[in-house]
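Hi everyone, thanks for coming.

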Amino acid sequence: MQPRVDLISLGVRSVDASRRFYVDGLGWPVHREVPGEVLFIQANHGLLLSLWDAGHMQSEAATDPPAGIACITLSHNLASTAEVDWVMAEAETAGAFIVAAPKTQSWGGYTGYFADPDGYRWEVAFNPGWAVDGGGTVTL
């Protein structure tokens with residue numbers, strides 16, 4: 001697995017409240033959004049910050065953090081479903097716990113989730129719409 005983070009997802013109580021804070025308050029630009037469900041912000045070269053409704057996120061990532069602990073996943077995007085399967089197997093061999101086997105998601109991508117030794121969730125994904133141009137801007 002190449003050492004790279006492409007997407008940081010925060011499970012938020014209210015996408016609207018997070019939008020008011022990050023976009024209206026801090027002035028961060030919206031990259032893409034599904035109102036009330038998820039908001040993407042271009043955070044750095046080839047890196048998106050996803051503010052995702054915690055309930056939807058916890059369902060897909062197979063995680064239920066203890067009360068008071070925020071839900072967060074780090075995502076590693078790949079060029080094919082076969083690469084997702086390979087990296088998931090590599091992670092399991094290295095000692096990861098597979099929390100959600102790779103599968104095709106309703107949004108068209110293919111993802112699996114593993115937990116590292118401390119329980120942090122990694123999403124390993126193939127997103128057919130994901131591209132990063134030479135300037136680092138993500139298209140999704």
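This is a predicted model: local features need pLDDT of at least 70, side-chain atom pairs count only at pLDDT 80 or more; totals for chains, interfaces and linings use all residues.

**A walk through the model**

You'll find V138 in strand β10, residues 138-139. And what does V138 touch, not counting residues up to four places away in sequence? The list is H31, Q42, G46, L47, L48, W130, A131 and V132. Now look towards the other end of the sequence: V138 and D6 are 132 residues apart along the chain, yet their C-alpha atoms are separated by 9.5 Å.

Let's step back to the whole chain. The protein chain has 3 helices and 10 strands. Reading from the N terminus, the order is β-α-β-β-β-α-β-α-β-β-β-β-β. The C-alpha trace spans about 45 × 40 × 25 Å along its principal axes. For 140 residues, a compact globule would have a radius of gyration near 14 Å, and the 15 Å of this chain agrees with that. Of the 140 residues, 41% are buried. If we take the contacts with a separation of 6 or more, 52% of them join residues 24 or more positions apart.

Next, the inside. The largest nonpolar core has 14 residues, and those touching the most other members are F40, L48, W52 and Y113. Which elements each supply at least two residues of this core? They are β3 (38-44), β4 (47-53), α2 (54-61), β6 (97-104) and β7 (110-115). There is also a second, separate core of 10 residues, including L78, V87, M88 and W122.

Leaving out residues up to four places away in sequence, L48 touches D6, L7, I8, H31, F40, I41, Q42, A43, W130, V138 and L140.

Now for the open space. Rolling a probe the size of a water molecule over the atoms shows where empty space is left. The largest pocket has a volume of about 540 Å³. Its lining has 24 residues, with V38, F40, W52, E60 and W107 nearest the centre of the pocket. Two or more lining residues come from each of β1 (7-12), β2 (30-34), β3, β4, α2 and β8 (121-126). The largest share, 3 residues, is given by β4. By type, the lining divides into 11 nonpolar, 9 polar and 4 charged residues.

First, P128, which sits in the loop between β8 and β9 (131-132). Is P128 buried or exposed? Its relative accessibility is 53%, and exposed means over 50%, so P128 counts as exposed. P128 touches G108 and G109, residues up to four places away in sequence not being counted. From P128 to Y110 is 18 residues in sequence and 8.7 Å in space, C-alpha to C-alpha.

Then there is D85, in helix α3, residues 81-93. With a relative accessible area of 37%, D85 is partly exposed. Beyond residues up to four places away in sequence, D85 touches P102 and Y110. Finally, D85 and L26 are 59 residues apart along the chain, and their C-alpha atoms are separated by 38 Å.

Definitions and conventions
Residues are numbered from 1 along each chain as its sequence is written. Side-chain values use heavy atoms; hydrogens and water are left out. A nonpolar core is a set of buried Ala, Val, Leu, Ile, Met, Phe, Trp, Tyr and Cys residues joined through side-chain atoms within 4.5 Å. Buried means under 20% relative accessible area, exposed over 50%, partly exposed in between (1.4 Å probe, protein chains only). Helices (H or I, at least four residues) and strands (E, at least two) are DSSP runs, numbered from the N terminus. Contact means heavy atoms within 4.5 Å. On a 1 Å grid over the protein atoms alone, a cavity is a set of points where a 1.4 Å probe fits but cannot get out, and a pocket is an open set with protein on both sides within 12 Å along at least five of seven lines; lining residues have an atom within 4 Å of a point. Grid points are joined across faces, edges and corners, and a volume is the space filled by probe spheres set on the points. Ala, Val, Leu, Ile, Met, Phe, Trp, Tyr, Cys and Pro count as nonpolar, Asp, Glu, Lys and Arg as charged, and the others, Gly among them, as polar. The radius of gyration is taken over C-alpha atoms; the globule rule is 2.2 Å times the number of residues to the power 0.38.
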